[in-house]
Amino acid sequence: MRSVIGLAVSGLAVACVAIAIVAGGHATGPSARSAASERATITLTATGASYLSPTRLTEVTGASITVTDTIRGAAEAGFPAIAVWHEVSSAYDTTDRQPLEPTSRTFAFDRATAELVDCCDQNINGNAATPQRGIAGWVFPRNTGKRTYQVFDTTLGEPEPFAYSGTDVVGGIRAYQFAEDISAAPAGFSLLSRTEPQRYSMHRAYWVDPATGALLKISENEDLYLTRPFSGATVTHVFEAALTTTPASVARLVRQDTRARAAGIAAGHDRLLFLALAGALALAAEILSAFGPAGRAVPQSARSARQGRRGTVTWSPQPEADK
């Protein structure tokens with residue numbers, strides 16, 4: 001009996017450890033879900049920027065620009081597996097004290113994979129005609145890999161490749177860097193000119209915590225410009241700037257990600273405690289079932305007799321000749 005109990009304890013311990021490892025591997029799930037409901041404000045700045053003034057209809061050069069992206073999770077609009085975010089981006093010329101036209105976006109994505117989902121009133125500047133596909137961009141999938149991801153680009157209205165380009169450390173957190181490179185891509189027409197087509201160039205880099213998929217740092221070198229219809233020569237820059245996240249924004253993103261990591265670790269510990277308690281209870285039940293009410297081992301013959309009195313049908317192997 002002791003050897004049987006010893007084997008049962010060892011087997012149960014191994015099973016609990018294996019289940020705990022599997023469950024612990026998904027500990028970042030709750031942290032990613034909690035991060036999706038937070039409000040985030042990200043500020044990027046640039047100097048020497050150029051843009052086409054919507055009021056003067058002339059190009060402004062040498063401007064200092066501040067871009068503020070405010071992201072708010074709409075938990076009430078989502079489903080258990082889907083998050084819905086509202087984003088508002090506003091730019092301000094701090095040199096000439098001139099606000100630029102704000103933009104907005106509503107998008108829904110799968111909480112586990114960060115893949116965009118066509119639902120929940122998704123739109124870009126109020127226009128729901130463009131389907132949003134690929135990775136959300138503001139968040140990557142948890143357990144992010146060292147590979148290329150297709151991330152939705154709002155200017156082109158389609159996903160663009162973000163290639164893994166190295167590993168870095170941001171605020172003490174190991175981060176993967178991903179880069180998007182677009183050169184002179186057709187970008188339709190501007191409201192400021194219906195005859196001169198737009199071209200779009202962008203080098204954008206994201207620093208991502210691979211464990212949670214959270215964005216920690218951004219840099220954007222953008223040029224949206226009008227061109228001559230036939231020659232392709234540049235007419236004017238609608239918006240040209242080399243933007244980077246401010247140190248304060250990076251610190252804020254790191255703090256949010258640190259809280260998400262802590263929540264994930266706590267969730268993992270809760271799973272381990274639950275599995276340990278469940279294993280102990282299962283083991284206790286197994287031991288008690290092998291003993292009688294007086295604490296003595298019940299002989300097999302007695303157990304068989306009891307089962308027979310209760311009407312239990314017992315199976316016994318047939319002789320080899322009958323098989």
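**Questions on the fold**

Visitor: Is Ala 114 buried or exposed?
Guide: Residues under 20% relative accessible area are called buried, those over 50% exposed, and those in between partly exposed (1.4 Å probe, protein chains only). Because its relative accessibility is 1%, Ala 114 counts as buried.

Visitor: On what conventions do such values rest?
Guide: This is a predicted model, in which local features need pLDDT of at least 70, side-chain atom pairs count only at pLDDT 80 or more, and totals for chains, interfaces and linings use all residues. Residues are numbered from 1 along each chain as its sequence is written, and side-chain values use heavy atoms, leaving out hydrogens and water.

Visitor: What is the phi of Ala 114?
Guide: Most residues other than glycine have a negative phi. Ala 114 lies in the loop between strands E5 (103–110) and E6 (116–117); strands (E, at least two residues) and helices (H or I, at least four) are DSSP runs numbered from the N terminus. Ala 114 has a positive phi, near 65°.

Visitor: What is the relative accessible area of Cys 120?
Guide: Cys 120 belongs to the loop between E6 and strand E7 (123–124), and its phi is positive, about 60°, although it is not a glycine. The residue is classed as partly exposed because its relative accessible area is 21%.

Visitor: How many bridges join strand E1 to strand E2?
Guide: Two strands pair if DSSP finds at least two bridges between them. E1 (residues 39–52) and E2 (residues 59–73) run antiparallel; the bridge partner of Arg 39 in E2 is Arg 72. In their hairpin, with 6 residues between the strands, Leu 57 takes a positive phi near 55°. The bridges joining E1 to E2 number 11.

Visitor: Which residue in E13 stands opposite Leu 44?
Guide: E1 also runs antiparallel to strand E13 (residues 234–245), joined by 4 bridges. Opposite Leu 44, E13 places Thr 245.

Visitor: Which residues does Gly 48 touch, not counting residues up to four places away in sequence?
Guide: Gly 48 is part of strand E1 and is exposed, with a relative accessible area of 57%. Its C-alpha is 8.4 Å from that of Ala 242, 194 residues away in sequence. Counting contact as heavy atoms within 4.5 Å, Gly 48 touches Gly 62 and Ala 63.

Visitor: What percentage of the chain's residues count as buried?
Guide: The secondary structure comprises 4 helices and 13 strands. Of the chain's 323 residues, the buried share is 41%.
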